[in-house]
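Please keep the sequence and the model in view while reading.

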Amino acid sequence: MNLVEKMKLVVNTLLGSTNGIVATAVSVLVFTVLYYYMIKFLFDNESGALAMLFVSVMVIAGALLTFIENINSAIYLVIPAIFVIAIVTLYSVEIKRMLWARRNTKLLDAKHGEGISYDEDKIQNCIAEIIKALQNMSKNDVGAIVVLASGALPNQILDSGVMLNSDISSELIESVFFPKTPLHDGAMIISGTKIISAGCFLPLSQNIENIPKDLGTRHRAGIGVTETIDVISFIVSEETGIISIARAGKITRYADTEALKKVLAKYYWQELESARR
């Protein structure tokens, strides 16, 4: 009994007695789609080693099913099930971000009319202005959350703030977060070369165990939004002036000029390449 016939037995076990050709076609299609998306997800999340491990295990399992007569065909269901459970456990944050990205979002450039223009000089100016604002607020212990978005955000986040749609400048960023101003407690949303909105409310991180005890609500919000959406958050502590960077549910503290430049440059050059396509 070859591998395809054993796969057909697995499908027949699940679906009951059915036409042999249909069972074979369904089994091949189901397993192909399942394995493709599992491998693609792993590579998309920079886990090529785990993807190759999965492929190797499945090749070995296929060889066993082909050449050993008495082995249980359910092995071709058990192994993917184990990998699915492992992926869900290890990549829960990434899965949440992927699901949120496909529902309840607004395209930022479409929502704000004229769109977003890019050129290298403007990008360098945006990077310089954002860094200047973050460092000035850090020196003066002014709390802030600045979110870099890449095209879409959930409706409730955008609608919770005040739309600005303004060019990026350090003066505007600092004035928004100046203590006791109406918008200082919320987050600022930047998309490309525009400040889209300010005073926005963000979802708080629920992963409290992995957040240092000395970090408060502002940091939980800055981390929380990156757990479900593909964005980057810059967080300035009101108590210590420390600048932190949050990405994919993880936070890096004590960000200096070089760290800020590196993150901002990567973001803007990705946006520039996307705009050129």
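Two strands are said to pair if DSSP finds at least two bridges between them. Helices (H or I, at least four residues) and strands (E, at least two) are themselves DSSP runs, numbered from the N terminus. The model is a predicted one, in which local features need pLDDT of at least 70 and side-chain atom pairs count only at pLDDT 80 or more, while totals for chains, interfaces and linings use all residues. Residues are numbered from 1 along each chain as its sequence is written, and side-chain values use heavy atoms, with hydrogens and water left out.

The chain contains 11 helices and 9 strands. Of its 277 residues, 42% count as buried, a term that means under 20% relative accessible area, with exposed meaning over 50% and partly exposed lying in between (1.4 Å probe, protein chains only).

Strand β4 (residues 162-167) is joined to β6 by 4 bridges, and the two run antiparallel; here Met163 stands opposite Ser197 in β6. Strand β5 is likewise joined to β6 by 4 bridges in an antiparallel arrangement, and Ile189 stands opposite Ser197. β5 and β6 form a hairpin with 2 residues between them, and Gly192 in the turn has a positive phi of about 65°.

From β5 the reader can move on to strand β2. These two strands run parallel and are joined by 4 bridges, with Met188 in β5 as the bridge partner of Val146. β2 also pairs with strand β7 (residues 232-236), in the antiparallel sense and over 5 bridges; Ala144 stands opposite Val236 in β7. How many residues of β2 are buried? In this strand, residues 144-149, the count is 6 of 6. In a regular strand the side chains alternate between the two faces of the sheet. In β2, Ala144, Val146 and Leu148 point one way, whereas Ile145, Val147 and Ala149 point the other way.

Helix α7 (residues 120-139) comes next. After the helix comes Asp141, whose phi is positive, near 55°.

A nonpolar core is a set of buried Ala, Val, Leu, Ile, Met, Phe, Trp, Tyr and Cys residues joined through side-chain atoms within 4.5 Å. Of the 31 residues in the largest such core, Ile173, Phe234 and Tyr268 touch the most other members. Among the elements that each supply at least two residues of this core are α7, β2, β5, β6 and β7. The largest share, 8 residues, comes from α7. Leaving aside neighbours within four places in sequence, Ile173 is in contact (heavy atoms within 4.5 Å) with residues including Ile130, Ala133, Val146 and Met188. A second, separate core of 15 residues includes Ala149, Ile157, Ala187 and Ile196. In soluble globular proteins, nonpolar side chains tend to be buried together.
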